[in-house]
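Reader: Hi! Could you walk me through this one? I have a few quick questions.

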Amino acid sequence: MSFKGDYLSFNLENYLFGISALDVLELNKNLSLTQVPKASPQIRGITNLRGQIVPVVDLYGRIGLDCLPKRSESVSIILRCTGIVIALLVDNVGEILSLEGETFEVPPNNFPLVLKELIVGVHKLPGQLLHIIDSQKIMVGLENIRGLPFNHKTYLTEHI
Amino acid sequence: MENTDEILSEFILEAREILDHLDLDFVKLEQTPEDKKLVGNIFRGMHTLKGNSGFFAFRRMEKISHACETLLGKIRDGLLVLDSLKVTLLLDALDALRLIVIGIEGGKEEPQGDDASLIEQLLSQANGQLAQVAPKLNSSHSVPAHRTDAAAEDVPLNVVTNEVLDRPPSPSLAGPEIDAISETKVEELPALLPSHELVSAPVRVSLESLDKLMSVVSEMVLARNRLLPYANEVNDYQFSSTVRAIDLLTQELQERMIKTRMQPISQVWSKFPRLVRDVSNECQKSIRLIQEGTETELDRTLLDAIRDPLVHCIRNCIDHGIESPQERIANGKDAIGKILMKASHENGAVVIEVADDGGGINFDLVRQTAVGRKLVQADQAAGMSEQQLLELIFLPGFSTKKAVTNLSGRGVGMDVMKTNVSHVGGAIKVVSVRGCGTTVRMTMPLTLAIMPALFVLCEGGQYAIPQTSIVETVRLDVESESTELEDFYGTPVFRLRGQLIPVVLLSWHLGLSQRPLQRNVPVTVIILHSAGIKYGLVVDEVLDIQEVVVKTLGPLFKGMQNFAGATILGDGSASLILDPDGIARSCDLVEKVQEETLKIKEVTLAKNEHTSPMLLFELEGLDRLAIPLGYVDRLESIAPEKIQRNGKREVVKYGDQIMHLLRLNEYVDGAKATSSDPLPGKPLSVITHHINNVPVGLVVSKVHDIIYVPDMAQESSPRQRGLMGCMLLNDEVINVLDLKQILMERSLRDNEPSRQSIIDMDVVQ
C-alpha cells in the first residue's frame with residue numbers, strides 16, 4: 001500500500017488526522033441528524049444526503065477519543081467506504097496535503113492493536129504528526145451493535 | 001470493446017426472453033399438440049437463438065439450438081408427433097441453453113461443456129419415426145432418452161458423441177432429405193423475430209437506473225413540499241402560478257414513475273406452467289394450471305419477493321394437495337387435478353390466491369404431529385380449532401411428511417412463504433376444507449417504494465409506523481371510563497374490549513428513557529398486528545398519516561430489528577420507520593404470545609365451525625344487539641358538545657370529512673329513546689361505517705365485545721324493524737341489526753319529510 005498522495009486533513013482534539021482525498025466525495029455543513037436508537041454507539045445516526053440515507057459515524061468514538069462537550073461537529077466529510085457512502089462528523093476541515101511516501105512511518109509496536117487497522121501510520125509533517133486513517137476500515141466491526149471498546153489516553157500533557 | 005459488450009448484453013437479454021417464452025410455449029404445446037401456430041412460434045424463437053449465437057460464434061449454443069430446430073421442423077411439418085418424451089428432451093435442451101447463457105453472462109464467453117449426448121438424443125428423436133422405416137440407420141445412436149443436464153461436465157464421452165461434435169452443425173445423422181426440408185423452411189421465414197416482439201417494442205431500462213430515477217423523483221417531491229409554503233407568503237401572482245405548475249407536474253411525475261415500476265405478475269407466473277409440469281411428472285400426477293389475472297401489476301421489488309413463496313406454494317399444492325389420479329377417481333373427482341392462481345387488486349392491495357382442488361389439509365395429522373413434536377399437550381390439541389392448527393403449519397421445521405424427499409418434507413416451504421410475505425408487509429391466510437382443497441391467500445401492498453405510515457412522537461423523535469400493521473389507536477384517558485395500563489407482574493398489559501393485550505413502551509424499548517409511566521396521565525397506545533399477534537405500542541403522541549418513500553438503512557444497521565427503513569420528511573430530515581414485526585420479535589413477544597394461542601382459551605368458540613364475528617352492543621331497552629363486524633370500521637367516542645347540525649341531521653367533524661350521526665334507537669323496534677341525556681358531558685359511543693367512502697356514525701348506548709355467532713340466524717316473523725333476525729348464543733338471544741334496511745330508511749326519511757310523522761321516533765337534542 002502506498003502512502004503517497006493527497007490527504008484531507010482535519011483536527012480531532014489536539015491531533016491532526018488525514019484521510020485519502022480520493023475517497024472523499026464531498027464536504028457538507030450542518031447536516032440534520034436523526035438519531036438511531038440502539039445502534040452502535042459509534043454511529044451517531046442517519047442523515048439525508050439528497051435522497052440517500054447515509055449513516056453518520058462518530059469518528060471521535062470510533063478512534064476512542066473522549067467526547068468533548070465543546071465539539072461543534074458542524075462539518076461532515078462524505079466519503080465512500082467499502083462501497084457504501086458514509087458521513088464522518090468532524091469539527092473543522094483543514095487543507096488538502098500532497099505528501100510523498102518518504103515522510104510516512106508505521107505505528108510503533110506498542111500501539112494498541114485495535115487501532116492499528118484504522119490508523120495505519122503517520123506522515124511526519126514539520127512540527128506535527130498527521131495520523132493517516134484508512135478510510136476503508138472505518139466501517140469494520142460497526143455492524144455489531146457493540147463496537148470495539150477502546151479508550152484513548154494521552155500520556156503527554158497539554159503544553160508539550 | 002464497450003460496443004461489443006453492449007451488443008453481448010443485448011444478446012443475453014434477448015436469449016433469456018426467448019428461452020422464457022419457449023418454456024411456456026412448450027408446455028402449452030404439450031397440451032395442444034395440434035397447434036401449428038404455436039409450433040411455428042417455437043420454431044422461430046429457436047431459430048433466432050441459433051442465428052444470434054452463430055453471430056457471436058457461440059458454437060455450443062448454435063449446435064444445440066440447431067438440433068432442437070431439426071426436431072421441431074419435423075414436428076411442424078407433421079412428420080413427427082410431439083409426445084411427452086420429446087417435450088422433456090426439448091425442455092432439457094432449453095435448460096442447457098439457459099446454462100450456457102448464464103455462463104456467457106458471467107465469463108463473456110461460452111462456457112466449456114459437452115452437449116454431444118443431448119444433441120444426439122435430439123437428433124435420434126428427430127430420426128426416430130423415420131428410423132422405423134430404416135431402423136438400421138442409427139440404432140446404435142438411439143440412446144434411451146434420460147434426463148441429462150447437458151451442461152454438466154461429467155457427461156461421459158464416447159466415440160460416437162465425439163464424432164458428432166467434430167462434424168459441422170448440420171445433423172449428418174438425419175437423413176439427407178429431411179435435412180433439406182428443414183433448411184428450406186428456414187429460408188422461407190420472413191422475420192426472424194420472436195412472435196412477442198412483433199406486437200410492441202418496449203425499451204429496456206435497467207432496474208438500477210429506474211431506482212435512481214425514483215429516488216430523484218421522490219427528492220423532487222420533497223423539494224416541492226418545501227417550496228409550497230413560499231408561494232403563500234410571497235404575494236406575486238407569477239411566482240405562485242409557477243409554483244402551482246411545478247406542483248402539478250411533480251405530482252404527475254411521481255405517479256407516472258410509480259406506474260413505470262409496476263410490472264404485470266405474469267413476469268413471475270410465466271415460469272409456473274413449466275414448474276407444474278416438471279413437478280407433477282415427478283410426482284406422477286396430472287395437473288392443470290389455470291392462471292387468472294396475469295395482467296395484474298405489482299411493483300418490481302414485490303415481484304421478486306413473491307417468487308419464492310409462490311414456488312413453495314405450488315410445490316406444496318402438487319406434492320401435498322393434489323391426490324394421485326387413482327385416489328382422485330376413487331373420491332369421485334376428475335383425474336386431472338386443478339391448481340388455480342389468481343391475482344387481483346383489492347382495496348389498494350394485490351391479492352394473490354393459489355387454490356387447489358386436492359385433499360385439503362389433514363388436520364388430524366397436523367394435530368398428531370404437533371403432539372408428537374411436543375408443541376402442544378395431547379388434551380389441548382384435541383380442542384384446537386382448525387384455524388389454530390393452521391397457525392402451526394407455518395412454524396419452521398413443521399412437516400407432517402414422514403420422509404424427506406427432494407420435493408418436500410423438511411418443513412421449510414411454509415416458513416419461507418410466511419417470512420417472505422410478511423417481510424414485504426403482506427399477510428398470508430390459508431383456508432382448507434378436507435377433501436375439497438386448500439386456498440392460500442396472500443395480500444400484498446401495491447408497492448414497496450411508497451406506503452402510508454402513521455407518524456408518532458416518542459421522546460422528541462418522529463417515527464413512522466407502516467399503516468398496514470396498525471389495527472387501531474387507543475387513547476387511554478383517565479377521565480373517560482376506559483381502563484388504564486395494568487401491571488401483569490412487571491409486564492404492562494391493558495384490556496382492549498375485555499382481552500388482555502401486551503404493551504411495549506416505545507421509549508423504553510428504544511432505550512430513549514427509563515421514565516416509568518405515570519398513573520392518571522393519558523396514554524396513547526397503538527394497537528399493532530404483527531406476526532399473528534396483537535400488541536400495543538405506547539407512544540407520546542400521534543401526529544399524522546403521510547405517504548412515505550421507504551429507503552433502506554444500509555448494511556451498517558443490518559442487525560437492527562426495530563427499524564424497517566428510513567424515510568425523508570418534508571423538511572429534508574430523515575425519520576426512522578419502525579418494524580412492528582421486529583419489535584415484537586426483539587421483545588420476545590412473538591414466542592410468548594404464540595405459546596399463549598396454543599393454549600385453548602375458548603373451547604366453545606372453537607367447536608362452532610361456521611361462525612362469523614359480530615360486534616355486540618346495546619341500546620336503551622335492547623341490551624344484546626349485534627352488528628356484523630364487516631360493517632364496523634372504527635369505534636369512536638364523541639363528546640356531545642362536538643355535535644353540530646346540518647339541517648335535520650346531526651353531524652360531527654371526522655378527520656377531514658363530515659360524519660352524519662344516526663341514532664340507532666330511532667330505527668330499531670324495541671329500543672327506547674335515550675333517557676334525556678343522563679350525564680350531560682358523557683361521550684357518545686359511535687360505531688363508524690363507510691358508505692361509498694362517506695362515514696356514517698351509528699350512535700349506540702354501549703359497545704361490549706366481539707362475539708362469534710353461528711351463521712344461521714332465525715328470521716323474525718313478523719319482521720321487526722331494523723333487525724335482520726335473532727339467534728341463540730349461550731342461552732341468550734342476540735338480535736342482529738339490519739344495517740342496509742336502516743340506511744335505506746334513513747335516506748327515505750331524509751327525502752320524504754311526510755314519513756317522519758309515521759315513524760315512531762324521538763329526536764334527541
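Reader: Which residues does A:Leu88 touch, not counting residues up to four places away in sequence?

Author: A:Leu88 touches A:Val57, A:Leu59, A:Ser76, A:Ile77 and A:Leu79. Two residues are in contact here if their C-beta atoms, placed from the backbone, lie within 7 Å. This is a predicted model: local features need pLDDT of at least 70, side-chain atom pairs count only at pLDDT 80 or more, and totals for chains, interfaces and linings use all residues. Residues are numbered from 1 along each chain as its sequence is written, with chains lettered from A and ligands numbered from 1 in the order in which they are written.

Reader: Thanks! Which residues have the most contacts inside the largest nonpolar core?

Author: They are A:Ile86, A:Ala87, A:Leu88, B:Leu537, B:Ile577 and B:Leu578, in a core of 82 residues. Such a core is a set of buried Ala, Val, Leu, Ile, Met, Phe, Trp, Tyr and Cys residues joined through C-beta atoms within 7 Å. Buried means that 20 or more other C-beta atoms lie within 10 Å of a residue's own, with C-beta atoms placed from the backbone.

Reader: And which strand gives the largest share of this core?

Author: Strand E8 (residues 450-458) of chain B, with six residues. Strands are DSSP runs of E with at least two residues, helices are runs of H or I with at least four, and both are numbered from the N terminus.

Reader: Why does the core lie between two domains of chain B?

Author: Because domain 2 (207-264) and domain 4 (450-598) of chain B both give residues to this core. The domain bounds come from an automatic or database domain assignment.

Reader: Switching topic: how many residues does each chain bring to the contact?

Author: Chain B brings 25 residues and chain A brings 21 residues. On the chain B side, the largest share, four residues, comes from H9(B).

Reader: What's the strand order in the open sheet of six strands?

Author: In chain B the order is E10-E14-E15-E13-E12-E11, with mixed pairing. Two strands pair if DSSP finds at least two bridges between them. The edge strands, E10 (470-476) and E11 (486-488) of chain B, each pair on one side only.

Reader: How many bridges join E11(B) to E12(B)?

Author: Three, and these two strands run antiparallel. B:Phe488 stands opposite B:Thr491 in E12(B).

Reader: Last one: how far does helix H2 of chain B reach?

Author: H2(B), residues 36-55, reaches 28 Å from its first C-alpha to its last. That is close to the 28 Å expected, which is 1.5 Å times one less than the number of residues. After H2(B) comes B:Ala57, with a positive phi near 60°.

Terms used:
Buried ≥ 20, exposed ≤ 12 C-beta atoms within 10 Å, placed from the backbone.
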